[in-house]
Amino acid sequence: MSKGYEILSLDDLEPLPGNPTGGGLLLPLRHTLGLRAFGANAWTAELGRHIVPPHEEESGDEELYVVVRGRARFTVDGNAFDAPEGTLVHVTAGEHREAIAEEEGTIVLAVGATPGRPFERRGWDDVVVAFAHGAAGRVAEGRTVMHDLPDGEASWVKPYNLACYEARFGDRDRARAHLDEAIARSDDAREYAAHDSDLDSIRE
Amino acid sequence: MKRAHVDELDRVEMDDGFVWRPIRRRFDIRAFGVNAYSPREAGAQVVEEHTERQLEHEEIYLVLRGRARFTVDGDEHELGPGQLVFIRDPQLRRGAVGLTDDTIVLALGGKPGAAYVPSAWEPMFYAVPLMREERWDEAIRIHEEALEEQPDHPALLYNLACLEARGGRRLDALLHLKRAAELEPTWAEHAAKDSDFASIRSEPGFPA
């Protein structure tokens, strides 16, 4: 970090479950490197499972998928095609895309940002990293990541996510305090909390 | 949706021994910079030696195939498939040599805190093979298209003027060179010594 550059192998990144949109295991490249100019994460999945979950990019991001290793079968707006190692797939925001891992050890790199706007991290991948810390018993490390989340456009989301983290892995009093803060900012937090299993430990 | 295999990308051979394989331009990507590079042969440059002082990009170089020896800030690192170097500091000099014929390096870049703007070097690189073959009109057209998006880019204007001078469009060359020098006076100093302008250097209004 202090040298102004870093060397990394994608194999050094721990595959993490918990992608909020489903799909494969996250190799958290953007979080690990602290990328600030564009989003870039790698994904892996078991044979026959989604490595890119079915989705469109409501964020407005355009994305480039690069099959770094193995083979995947992509479907974009109903068009299915085989994507061996070295394949590049460019998808605009509104196009529906998904991909299935066709070989063990397949890795797909996803690069994305919104045209005409400076890149801003949204924090979903940080949450995945934090929850992985929490699940592994590294509660303090995960808490640090959670507190470093961007505030985002909806002011209730960060305290809500903090509440979920504390309820699952940390301190229930902190969880209640964060949830109270989220609810004070928006009724949306109350609606989500009503059926969010992350908050089961503090449900009365 | 657009797709391609890296082996299907155009090959634009540069004088330094590396081969530019345009991705951003092929897919018309507007949100970040992305290209691939390969060496002309094993032992040749695969990433040209440069800094990012001007563009202030942070960059990732990911080896997709083969092996490459990177030199970053004087340190050497030999990388294989799936390995990458992330260079946060735009001041650091970086470059790489391809160690195998089939080496492919993916490069990603962008400036933190700023919306991405396609880099002016892309049309300049794209025009290099045309310039070698003295296909001036086609090289000029590539620069004119780039200037439609960035009309006051001094380096693009200067390069356009070079091409126009070589292609016999003397008046256009003078106009574009003058504009480049107005925007960035150092281009006038370059022009004074640039053989591309031999045909117009004695013209009235030559900015030197």
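1. **Ground rules.** Residues are numbered from 1 along each chain as its sequence is written, and chains are lettered from A and ligands numbered from 1 in the order in which they are written. This is a predicted model, in which local features need pLDDT of at least 70 and side-chain atom pairs count only at pLDDT 80 or more, while totals for chains, interfaces and linings use all residues.

2. **Confidence.** The predictor gives the complex an ipTM of 0.93 and a pTM of 0.93.

3. An open sheet of 4 strands runs in the order β4-β9-β6-β7 in chain A, with antiparallel pairing. Strands (E, at least two residues) and helices (H or I, at least four) are DSSP runs, numbered from the N terminus, and two strands pair if DSSP finds at least two bridges between them. β4 (50–55) and β7 (79–84) of chain A are at the edges with a single partner strand each, so one side of each has no neighbour in the sheet. From one strand to the next the twist averages 20°. Further in, β6 (residues 71–76) and β9 (residues 97–101) of chain A are joined by 5 bridges in the antiparallel sense; A:T75 has A:E98 in β9(A) as its bridge partner.

4. An open sheet of 7 strands has the order β1(A)-β9(B)-β6(B)-β11(B)-β4(B)-β3(B)-β2(B), and its pairing is antiparallel. Its edge strands are β1 (5–9) of chain A and β2 (12–13) of chain B, each pairing on one side only. Between β6(B) and β9(B), which run antiparallel, there are 4 bridges, and B:L62 has B:L84 in β9(B) as its bridge partner.

5. **Another strand pair across the chains.** β8 (residues 87–91) of chain A pairs with β1(B) in the antiparallel sense over 4 bridges. Here A:H90 is opposite B:K2 of β1(B).

6. **The chain contact.** Chain B contributes 40 residues and chain A 38, where contact means C-beta atoms, placed from the backbone, that lie within 7 Å. On the chain B side, β1 (2–5), β6 (58–65), β9 (83–87) and β11 (104–110) each supply at least two residues; β9(B) gives the most, with 5 residues. That side of chain B divides into 23 nonpolar, 7 polar and 10 charged residues. Ala, Val, Leu, Ile, Met, Phe, Trp, Tyr, Cys and Pro count as nonpolar, Asp, Glu, Lys and Arg as charged, and the others, Gly among them, as polar.

7. **Helix packing in chain A.** The axes of α2 (residues 124–135) and α4 (residues 157–169) of chain A come within 10 Å and cross at roughly 15°. Axes are lines fitted to C-alpha atoms, for helices over the stretch in contact, with angles from 0 to 180 degrees between N-to-C directions. This makes α2(A) roughly parallel to α4(A); angles under 35 degrees count as roughly parallel, over 145 as roughly antiparallel, 65 to 115 as roughly perpendicular and the rest as oblique. The contact includes A:F131 of α2(A) and A:Y165 of α4(A).

8. **Helix packing in chain B.** α3 (residues 136–149) and α4 (residues 154–166) of chain B pack at about 160°, their axes 9 Å apart, which makes α3(B) roughly antiparallel to α4(B). Their contact has 9 nonpolar, 2 polar and 2 charged residues.

Notes: Contact = placed C-beta atoms within 7 Å.
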